[in-house]
Amino acid sequence: SPGELRRQYDEFKKNPDVSGWLEDAALFAAIDNSINAVSWSEWPEPLKDRHPGALKDIYENQKDFIENFMAQQFLFEKQWKRVRSHAQKLGISIMGDMPIYVGYHSADVWANRKSFLLDKNGFPTFVSGVPPDAFSKTGQLWNSPLYDWKSMEADGFAWWVKRIKRALDLYDEFRIDHFRGLAGFWAVPSGSEVAMFGSWRGWTKECLF
């Protein structure tokens, strides 16, 4: 019934494993929809820096968009759970795939700037890639922002914990693509045209950052 569906939707939004990413994703999508910019770093400063008043204005002015965005996430999850439940009854496990990095123009980076290697203006200081190998003489430049592992360690890797918990909500098991980066990673100075000028970095006690 419509009333029951609404109750489920309200519970979905209040679920702490969902609310931790849903609101940021909805706000990011609403701002991105209303501003013609290449990335969030070009947004007006109050929005770029997540000033509470500016976010409140976006929520009020883009309320229909935000509610539709959240409702779509709810309906997708509801349908996905039915698919997953049916697969489990058939003895089928669903495997997911998680890229180790996220794109710069994303709610993940915008809402968690301290977890990434960004300068005071929000621009990446180093970006991801791999060094020269048999596939490319100049390496591969992925251009995703790199994690600030020291900052992440300070809060118990909360961002990663949430990300993994979300993946486990969706899949029976999953792989982290290029998981090598959890131990050591190729860091390329931002603005480089090729990846060959990077260097290997780590985030253990011998962390070079």
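1. The contact, meaning heavy atoms within 4.5 Å, takes 24 residues from domain 1 and 19 residues from domain 2.

2. A word on what you're looking at. This is a predicted model, where local features need pLDDT of at least 70, side-chain atom pairs count only at pLDDT 80 or more, and totals for chains, interfaces and linings use all residues. Residues are numbered from 1 along each chain as its sequence is written, and side-chain values use heavy atoms, with hydrogens and water left out.

3. For the overall layout, count eight helices and six strands. Both are DSSP runs numbered from the N terminus: helices are H or I with at least four residues, strands are E with at least two. Reading from the N terminus, the order is α-α-α-α-α-β-α-β-β-α-α-β-β-β. The C-alpha trace spans about 60 × 50 × 30 Å along its principal axes.

4. Now the charges. A salt bridge is a side-chain nitrogen of Lys or Arg within 4 Å of a carboxyl oxygen of Asp or Glu, and by that rule there are twelve. Four salt bridges run between domain 1 and domain 2. Arg84 turns up again here, as its side chain meets that of Asp172 in a salt bridge (3.0 Å, N to O).

5. Because they are four residues apart in helix H1, about one helical turn separates Arg7 and Glu11.

6. Next, the largest pocket, with about 850 Å³ of space. On a 1 Å grid over the protein atoms alone, a pocket is an open set of points where a 1.4 Å probe fits, with protein on both sides within 12 Å along at least five of seven lines; lining residues have an atom within 4 Å of a point. Points are joined across faces, edges and corners, and the volume is the space filled by probe spheres set on them.

7. That pocket has 29 lining residues, and Trp21, Asp108, Lys162, Arg163 and Arg166 lie nearest its centre. H8 gives the most to this lining, with eight residues. Each domain supplies at least three residues of the lining. By class it has 14 nonpolar, five polar and ten charged residues; Ala, Val, Leu, Ile, Met, Phe, Trp, Tyr, Cys and Pro count as nonpolar, Asp, Glu, Lys and Arg as charged, and the others, Gly among them, as polar.

8. The second largest pocket has a volume of about 180 Å³. Arg7 and Glu11 are among its lining residues, as are Phe12 and Phe74. Helix H1 (2–14) and H5 each supply at least two residues of this lining.

Note on methods:
Domains from an automatic or database assignment.
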